[in-house]
Amino acid sequence: MKHPLATAWALSALIFLGMDAVWLTLMAPRLYRPEIGTLLRSSFDLVPALLFYALYVCGMVVFAVRPALDAGRPLVAGRLGALLGLLCYGTYDLTNQATLVGWSWRVTLADLAWGSFATGTAAALASMATLAIVRRRARRR
């Protein structure tokens, strides 16, 4: 069955960005500012942020959502997405932990948990919605 990867990408992006926006809004004053505030900009730089999200969502679709679509099982995306989130957020946070003076273990552990949860959840929901769209289209034919 052919899957609409553009739809999967758009849904993955909407879900992940929505979740991450809520997380960052809630956690910036509670976790990031108190723990690593001296390392943070006063406002984020839009271009690298957009590049990160575009690349990250591509990775989520390629490594988690598409395998779930091929299998017809959204939970595949949940598991693969959680692993991808752990790997990607782990790369960032553990590198910072190893190289930056003042990087917080609280931030590292929270980010590892968040990256796993958010990526797994977004990938599972996006694959579930994409499969529903594909099935609805197939019934109309």
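Modeller: The model is predicted, so local features need pLDDT of at least 70 and side-chain atom pairs count only at pLDDT 80 or more, while totals for chains, interfaces and linings use all residues. Residues are numbered from 1 along each chain as its sequence is written, and side-chain values use heavy atoms, with hydrogens and water left out.

Colleague: Which pattern does the protein chain follow along the sequence?

Modeller: Helices (H or I, at least four residues) and strands (E, at least two) are DSSP runs, numbered from the N terminus. The protein chain has 4 helices and 0 strands. Read along the sequence, the pattern is α-α-α-α.

Colleague: What percentage of the contacts with a separation of 6 or more comes from residues 24 or more positions apart?

Modeller: Contact means heavy atoms within 4.5 Å. The C-alpha trace spans about 60 × 25 × 20 Å along its principal axes. For residues 24 or more positions apart, the share of those contacts is 78%.

Colleague: How far does helix α2 reach from its first C-alpha to its last?

Modeller: Helix α2 covers residues 46–71, which is 26 residues. The expected span is 1.5 Å times one less than the number of residues. That gives 38 Å expected, and the helix comes close to it, at 36 Å.

Colleague: Where does α2 bend?

Modeller: The bend at a residue is the angle between axes fitted to the seven residues ending there and the seven starting there. In α2 that angle is about 40 degrees, at Val 61.
Val 61 is also among the buried residues of α2. The bend therefore sits, by the fitted-axes definition, at a residue named Val 61.

Colleague: What covers the buried residues of α2?

Modeller: Buried means under 20% relative accessible area, exposed over 50%, partly exposed in between (1.4 Å probe, protein chains only). The buried residues of α2 include Tyr 53, Tyr 56, Met 60 and Leu 69. Their cover includes α1 (5–36), α3 (74–99) and α4.

Colleague: Is Thr 108 buried or exposed?

Modeller: Thr 108 lies in helix α4, residues 105–140. Its relative accessibility is 0%. Because of that value, Thr 108 counts as buried.

Colleague: Which side chain does a polar contact of 2.6 Å join to that of Thr 108?

Modeller: A polar contact is a pair of N or O atoms within 3.5 Å; within protein, one must be able to donate a hydrogen and the other to accept it, and residues adjacent in sequence count only if both atoms are side-chain atoms. The contact of 2.6 Å joins Thr 108 to Gln 97.
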